[in-house]
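Hello,

Here is the structure I promised to pass on to you. Please have a look at it first, and then read on for what I found.

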Amino acid sequence: MSDRLTAIAAGSRLPNTAWIRASSVYIAFAGLVLLDLIVTPGFRNPAVIRSLLFESAPLILIALGQSLAIGTRGIDLSVGSVMALSSAVIGITIGMGQGTSIALGIGAGLSCGIVNGLLIAVLRIDPLISSLSLLVAARGLAQALLGGARVDLPFNGPISWLGGATVSVVPVTAVIALVAAFLFAFVVKRTTLGHYAIFAGASRTAAFLAGQPVRATLAFVYGLSGLLAGVAGLFATARLGAADPNYIGVQFELDAIAAAVIGGTPLSGGRISTVGTIFGVLLLEVLDASFIMNNISSTYAQMLKAAFIVGALYMQRAGA
Amino acid sequence: MLLETRSLGKDFGAVAALRDVTFSLSPGEVHGLMGENGAGKSTLIKLLTGFHQPTAGEILLDGKPISFDSPRAAQAAGIAAVYQEINLIPERSVADNIFLGREPRKFSAFTDKARMLRESAAILARYGLSIDPRQPLRSLGLGLQQMVSIARVVSLGARVVIMDEPTSALAGAEVDVLYGVVEQLRREGHGIVYVSHRLSECYRLCDRLTVLRDGRVVESAATGDLSRARLVTAMLGREGAAPADAREAVARAITREALPALSVKGLSWRTRVRDVSFSLQQGEILGLAGLLGAGRTETMKAIYGAEVAEKGEVKVGDRRLRRPRPSESIRRGLAFLSEDRRSEGIFPRLSVRSNLTASVLPRISRFGIVSRRSQNALVAVYVRELGIKTAGPNALISELSGGNQQKVLIARALCTDPNVVMLDDPTRGIDVGAKAEVHRTIRALAMNGLGVVLTSSEVEEVMELSDRLIVLNEGAVAGELATAGREPDDVLAILAAAEAPAV
Amino acid sequence: MSAAKDLAPAKRRGFDRARVVGLIQARGAILVLAVAMIAAGLTFRDFLHGGNLADIVAAASFLGLVAIGQTFVIIMGGFDLSVGSLVSVGTVLAAYAAPYGWGAALVVPTAAGVAVGLIDGALIARTRMAPFIVTLAALLALKGAAVALAGESMVIAKPGFFGVIANGNLLGVSNLILILPVAFAIGALVLNRTPFGAAIFAIGGNEDAARMLGIRVERVKVMTYCVSGGLAGLSGALLAAHLSSGISAAGNGYELQSIAAVVIGGVLLTGGVGTMLGALAGVLLLGLINNVINQIGSLSAAYQGLASGAFLLLAVIIQAGLSRSRRS
């Protein structure tokens, strides 16, 4: 056919554009940081960096879970609400001791993930629909548990420590998140489970015919996403110093999805980029910080950010 | 003459899909269009319905040359096609579906439901279909749904109706209803192009038959003048030169041991696999032969567990496959290679290494961690053994040629250390050199004691490779023969003699 | 001809089962609503009082308008998350426009909603981006816009008709209760009796087939999102009248509530199936639950979210189960 022609054309075209698109998140990040260093007052202040990293920690975790789900050609819209649920559980069980309530909070996240995974793998519900329903249910449950009100957490103990502790300029939660990212990358690249997830995203039929445990893989993927959301909820709660169902995890879903996709994990599945996801998170956080520090009111900031995300996703789409 | 094509040709780049096709259709004529996969039938249909434009020749409607720049133009001119897949909306009512897109209006803004129902009922009655137009489409059997498609097409003013494999999913009484509709269409003066590979049907319904092969017309005659044998020969034909790998007239002594490598009894799946039974010895190559749509792929998939058979028993060696599932089959030593490499075989975007070791990850990993070294070792082994031309294990599978991709898939199956390998058209779409290598590989497998089940879109190929052939016709076993000393004509004879199986 | 008749008895078994399933999907919510009403009436003494029932209907009218739009979009195979912020923006725009007359106060928010729907629809239909991403981004962007526009809460005077809608009384019962039945009746008419409605069902049922059958898929998609946006804007305008002010957080949660209501009402999230009556039942059911939660003093209003979430989850699971049994 015109196969040969296409191949030649592709061969000459491919290296250039693919390289640019694959590194686009790094280029954008570097560019933005550069811009901020020049333009934004006070950007070099270590306090800014610290604050930025505190905000990034929970987002890194859920973005990782999201990239895994997206890698299987699925999606998890429930992560923000699961964060809120985890926070709520911590809030109401705080009396049982902080260690216990932390465990219960994370456990709540894991449970949501498992429910999601079962709905998707066993009942064959579309991940979009399943996670959307969980989004509503989990936040509702979080609201109900806390009576819609904020519950302040004690000033001492591990939770409060998590909310403020740093290793020089890097918060402990960010360190944990980065360690988690490292482990995540390892799982994705080197373990059978990680491979199965990528296979399932690349071609679910081929994976099935090749004898792979597709359904078990999906259940695991969404379970893990829920677990990560649970931990993210803990981090956000610790940072806030309170369990607040109206505030924790709100609108985190879009950020997580955007970070993953902009970072090079296409919505069509089959490829997961852990490093890209992390930079996607950092890019979004720096974007937020840029708006705040340049005194762009949060409302315009939100509009700009939404436009940016749509634009970036559109460009990824056009290539992927 | 209602519809005519003169020396119609279509090229896709350097590939000539259709060449010098001259074809004609009169009002009230049912003209059968036949041919195997890749013969050019669907290209011809796409040209007639405006999906593509011809690169040579012309189409004439009512004796006047005409060209369509879009499917809509073809529809407007009165040419419409009805396909196997019901391209309608199952949840909507029959009347809704018939009038979708051009509903009769009341007060110019609202749909005139009463008129819709009335006119739908009238059309349906005209074709002898007692269907309540208010029913949702999905409540009808597939056969009746197809009738609704036809009713829609006719109500839109189609004068030429092209039917693509209309009875492939029908059973029993539904087929008779379709025949009735075709008769009515004929009486009303429509021209019908009837695409099918069910010989008995074509002989019953069609006035003329045209056979395509490799994009050309090889036979075109009145039905009465064309014997079944000649028809089947025309469809399957003979290739020019046999591949350099001459047929090794190896009369291999296949001892019929008590325990066959694979035993299939009474396998049934929907209407596509009907009570199929056979057994396969170790070291034997068994070919499944038959026309397109005979059920070869479906049979293999049912055995493998990719489709869940409703009835039947499959045994690999002495172990019965209880829960039909690919992972189970692999575990028991049964491997399968799909004919659809692109969507059911390779993992696009992934590396050769990933593709090759996709079925054996648990065996090459410890504590859940995949051993990259073992993977690379496996790749090296099969690259050498099968002659896979690739830049390395890291290369993307999409960079490999079709033939080499197929070798990777064969390697994937072999990694699982199977006792039986089922290959569905393994040489489809690969070049001659790679084809020869695949043949060598298949023979080597049998030499090593594996049982091989094989199909091919070319009868010569399956005869050349197989020790024994099972001939399938419309899902049922029509005959069996040992290939030693036989000619493809013998297979054709079995096919020609086969009756449509009783339902 | 007799051959066709032969087919009928053979199909009877499977036919009935599919029919029953279809009936449950379409009418199940109404049944649940009826049962819930009876249960609530038995439990709470004042529940079945006319005034209380009227309150439920009136309070549900704002969500109801949004749910009508959501029904259109979901049946078409997408969904619209931007409506929550559109309602908020609607209230604010209505407050700004009120001084120019009640006409402006109704038209401006609706037009804004249509405009947003146009952008959403164009992005979704032309660029094939996922509806949830586009409308989610719109939700967030508009949330910011609502806050930016609103500044402080604004109190508005109620000129003429506006005041009648908002606080007028007909036979001792708020005028608002007229909105739901009228709006749903119009919605049902458009959905079931116009070519536009037929096209929406077709696209949701089998988009490729719809395209092949000659339906202008892109155009219909854009129009549907315009309808959804416009209704959300209109709902905001009426809400502003009712609250006598434009509030930037007025519509929070409407997007999820409308989806929940509609899904509970039997509209399949996979598209192609649904009825206005079911959607109405879903809206009223949610309204009933909220009312009940309010009646039980001990449960805080926070339980409303949980209740709708739990019902949604249940509805999704039941829908999946029903679809599977129908397929097999």
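Predicted model: local features only at pLDDT ≥ 70, side-chain atom pairs only at ≥ 80, totals over all residues.

**Helix H4 of chain B**

H4(B) covers residues 113-126, which makes 14 residues. From its first C-alpha to its last it reaches 20 Å, close to the 20 Å expected at 1.5 Å a residue. Among its residues, Met116(B), Ser120(B) and Leu124(B) are buried. They sit on the same side of H4(B), because the arc they cover around the axis is only 55°.

What do the buried residues of H4(B) pack against? Their partners in chain B are helix H3 (94-99), strand E8 (110-111) and helix H5 (142-155).

**A strand inside chain B**

Next, please look at strand E3 of chain B, residues 30-34. Five of its five residues are buried, so E3(B) is largely enclosed by the rest of the structure. Both of its faces are covered: Val30(B), Gly32(B) and Met34(B) are buried on one side, and His31(B) and Leu33(B) are buried on the other. In a regular strand the side chains alternate between the two faces of the sheet.

Leu48(B) lies in helix H1 (residues 41-48) of chain B. Is Leu48(B) buried or exposed? It counts as buried, because it has 25 C-beta neighbours inside 10 Å, and the cut-off for buried is 20 or more. Leaving aside residues up to four places away in sequence, Leu48(B) touches Ile59(B), Ile79(B) and Ile162(B). Ser67(B) is 19 residues from Leu48(B) in sequence, and their C-alpha atoms are 9.0 Å apart in space.

**The domains of chain B**

The domain assignment divides chain B as follows:

- domain 1: 1-78 + 159-164 + 181-237
- domain 2: 85-158
- domain 3: 252-333 + 419-503
- domain 4: 339-417

Taken over C-alpha atoms, the centres of domain 1 and domain 3 of chain B are separated by 32 Å. Where they touch, 10 residues of domain 1 are in contact with 12 residues of domain 3. On the domain 1 side, helix H8 (residues 228-236) of chain B gives the largest share, five residues. That side divides into three nonpolar, four polar and three charged residues.

**How the chains meet**

The contact between chain A and chain B takes 19 residues from chain A and 27 residues from chain B. On the chain A side, helix H9 (192-202) and helix H10 (204-209) each supply at least two residues, and the largest share, five residues, comes from H9(A). By class, the chain A side has nine nonpolar, eight polar and two charged residues.

Chain C also meets chain A: 31 residues of chain C are in contact with 32 residues of chain A. Which element gives the most to the chain C side? It is H5(C), with 12 residues. The chain C side has 24 nonpolar, six polar and one charged residues.

**Inside chain C**

Chain C has 13 helices and four strands, and 56% of its 328 residues count as buried. Tyr254(C), Glu255(C) and Ile264(C) are among them. H11(C) is followed by Gly266(C), whose phi is positive, near 100°.

Enjoy exploring,

Your colleague

Technical notes
Residues numbered from 1 in each chain as written. Chains lettered and ligands numbered in written order. Expected span 1.5 Å × (residues − 1). Buried ≥ 20, exposed ≤ 12 C-beta atoms within 10 Å, placed from the backbone. Arc of directions from axis to C-beta. Contact = placed C-beta atoms within 7 Å. Domains from an automatic or database assignment. Nonpolar A, V, L, I, M, F, W, Y, C, P; charged D, E, K, R; others polar.
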